[in-house]
Amino acid sequence: MEKRFDDNIFKKIFRMFHSMKFGIVLLVVIGVLSIIGTIIPQNRSDVFYMENYHGFFYELINVFDLGNLYSSYWYIGLMILLIINLFLCSIRRFIPILKRVTEKPNLDKVLEEYKTWDTINIKEDKINGFASDLGFRNLETKNVDGKKIYYKNINSMGYLGSWITHVSLIVIILAFGIGRYMGYEVFVYGIPGTVRDVEGTNYQIQIDDFEMRFDENMVVSQYVTSLTLLENGEIIDSGQLMVNHPFRGKGINIYQNATGWALHAFLYKDDQAYKQTVLYNSEFFVEDDGKIALQFVELFPDFDMSDPTALRNLSPLPNNPVLLYALYYNGLKVDMGLARMGDLIEYEEYKFIVNRPEMYTLLQINHDPGITFAAIGGLLQIVGLIFAFYLRPKKLRIVIEDDNVWLWSKSYGNDNLYKEELNRKIEKWEEQ
Amino acid sequence: MDLLKIETMLFYGALIGYLLSMVLFILFFVNKNDKQGKYGRNILLIGFVIHTLALVVRTINTGRLPLSNQYEFATTFAWAIALCFLIFEKKFDFRALGTFVTPILFLIIGYAAMRDKSVRPLMPALQSKWLAIHVGLAIISYGAFAVAAGVSGMYLLRDKFNQDTFFKRNIPETDKLDDLSYRAIALGFLLLSLVIITGAIWAEAAWGRYWAWDPKETWALITWIIYSIYLHLRISKGWRGERAAWFSIIGFICVIFTYVGVNTLLPSLHSYAYILYEAIGIF
């Protein structure tokens, strides 16, 4: 008894996993959760959620990882359940669908049933024309006991449409997972002349040049980076990339992601040159064991001197660059202000000078081994949907006995529009 | 006279045409007067021609198809709905559909009228051959869903007043409406899948990821899920008739949110003004 009970439980679970009802429930849950993911800003710091959501809502976000919803284990778990559902459903349906695709017309059944069909008044020599008008070309015929049977199944591949679409979803979700867990995404930035390691690889990127192109209205028309790709210090490729035109080579793709300003900063201690660096937007120039630090808060490339409190630019070009900085001494903010290029920023024994503003480029480096599968999945999906919606399987059977003509025709899904078309065509050919 | 002024005049000419057409189509239903329906259809046709001219002028003025911002998308979307209606009306002799489609059409073109119409150069992320393909497909897909929602509205009305001779004369039978709505959804669903796929191809080139859970992408997926549930229930569970009609209308509300709501209510990479200023970081 116990064993039988277990068998039933397993069967029930198996049935549930491959059932359409379960698939629909999963889709509804995934849809609702996805809506939540668009309402709650994603991938922000814990502080952000603490400040913007209070009490119960913050607890919910924290406990269910709603700020990182699409990467949370339970959302991924739902996706895995969906794959299992789609997979089992596809396996279970494959043989019956294949049988329907390869099904031959059952003429014995035709002979049993034809007298229950409707009769039409189309002459025998017009049958092929009528069938062709309905989309059934080259009808097959058979003579049985003085009866002539015309028959044809068309668009049988259409039965596969829904199945292919389901398989495509499995491929797409798996491809996304492969990309996520076996690929990588890193960012490098720098002004021309910078060489950076690509984290987690043997590659280095040398930024040869960066240019922002403007149109006649001084609106950015393109960002262009020239680079050299190195592997263990050896040049392996070089080229140019811009927005919408990534650099592709050696299994990695490099994208133009963003840009910003950088400055050359010099530190003097007791009037002696002490250190120099390239200081990027938002970065700190920390020296002397953390005793002194200069923060690059923001650069105004064309500062509007007529109203300095407005902190406004006249153009994006570096015609009158002014730095908004913050100065720290022994960890305490001691000064904040504006400095033009070459101005001295002084505190105790330290002096900073900043000059030569340059735009830096921020590059995104991706390697996604799942992308080809995702493309195949996308292609399969379109093929599947075209098969499902526009390769509608249809069957036509006509029996002629003496002067009587019986007709039976059916479109998959019992489509009323097809019935209407059929009646219209019958009327048209009966008149001829 | 500059091209923008000509376009604006034509645009408002079309808007007035659509408004008049909507009023006539509503009167056609209220008064049960066939003549008003005929006038509604003719005025809509005139509005459509003027609208086409407005889009042609816009295309000449910008040197590209009008698909790049909220105004351009909305006006082209309204144009596509008008075109779909005229085709349906001609093919299925289906004038009463106008009473259900013209309010949607007027809402969309009204939304366009409230958007900034100035001509601006394309930001780098939009300078791609995929812009016309992706957005063009989205317009046709959303247009098909709009028609499906309109037909579903007719279904509900026809179902409620199935003995009324006016409705019998002007609205096809419920079975036919049900199939028409399904066919429009099937077309919209196929095109929505293509919209998502072409969007993914473009996103990979522009942003380095083919899927990033951006709110616009996610809402396109949610819309896709809603219509896929509709298709499953219809094909496998025989969900037809009233329930299917309501589903179609709810699906279209979701389409409208994906189009308008996401751009205005949720921060998204598709809100291009946002990304422009973020990326440059200087203004």
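**Close-up 1. A salt bridge between chains A and B in the predicted model.** E185(A) and R209(B) form a salt bridge, and their closest N and O atoms are 2.8 Å apart. The term salt bridge denotes a side-chain nitrogen of Lys or Arg within 4 Å of a carboxyl oxygen of Asp or Glu. This pair crosses between chains: E185(A) belongs to strand β4 (residues 184-190) of chain A, while R209(B) lies in the loop between α7 (174-207) and α8 (215-237) of chain B. Helices (H or I, at least four residues) and strands (E, at least two) are DSSP runs, numbered from the N terminus. E185(A) is partly exposed at 30% relative accessible area, and R209(B) is partly exposed at 36%. Here buried means under 20% relative accessible area, exposed over 50%, and partly exposed in between (1.4 Å probe, protein chains only).

Close-up 2. K425(A) and E421(A) are joined by a salt bridge of 3.2 Å, N to O. K425(A) is buried at 15% relative accessibility, whereas E421(A) is partly exposed at 22%. A network of salt bridges links D133(A), E421(A), K425(A) and K428(A).

**Close-up 3. A salt bridge between D178(B) and R234(B)****.** The closest N and O atoms of this pair are 3.0 Å apart. The bridge links distant parts of the chain, with D178(B) in helix α7 and R234(B) in helix α8 of chain B, 56 residues apart. D178(B) is buried at 7% relative accessibility, and R234(B) is buried at 4%.

**Notes.** Residues are numbered from 1 along each chain as its sequence is written, and chains are lettered from A and ligands numbered from 1 in the order in which they are written. In this predicted model, local features need pLDDT of at least 70, side-chain atom pairs count only at pLDDT 80 or more, and totals for chains, interfaces and linings use all residues; side-chain values use heavy atoms, leaving out hydrogens and water.
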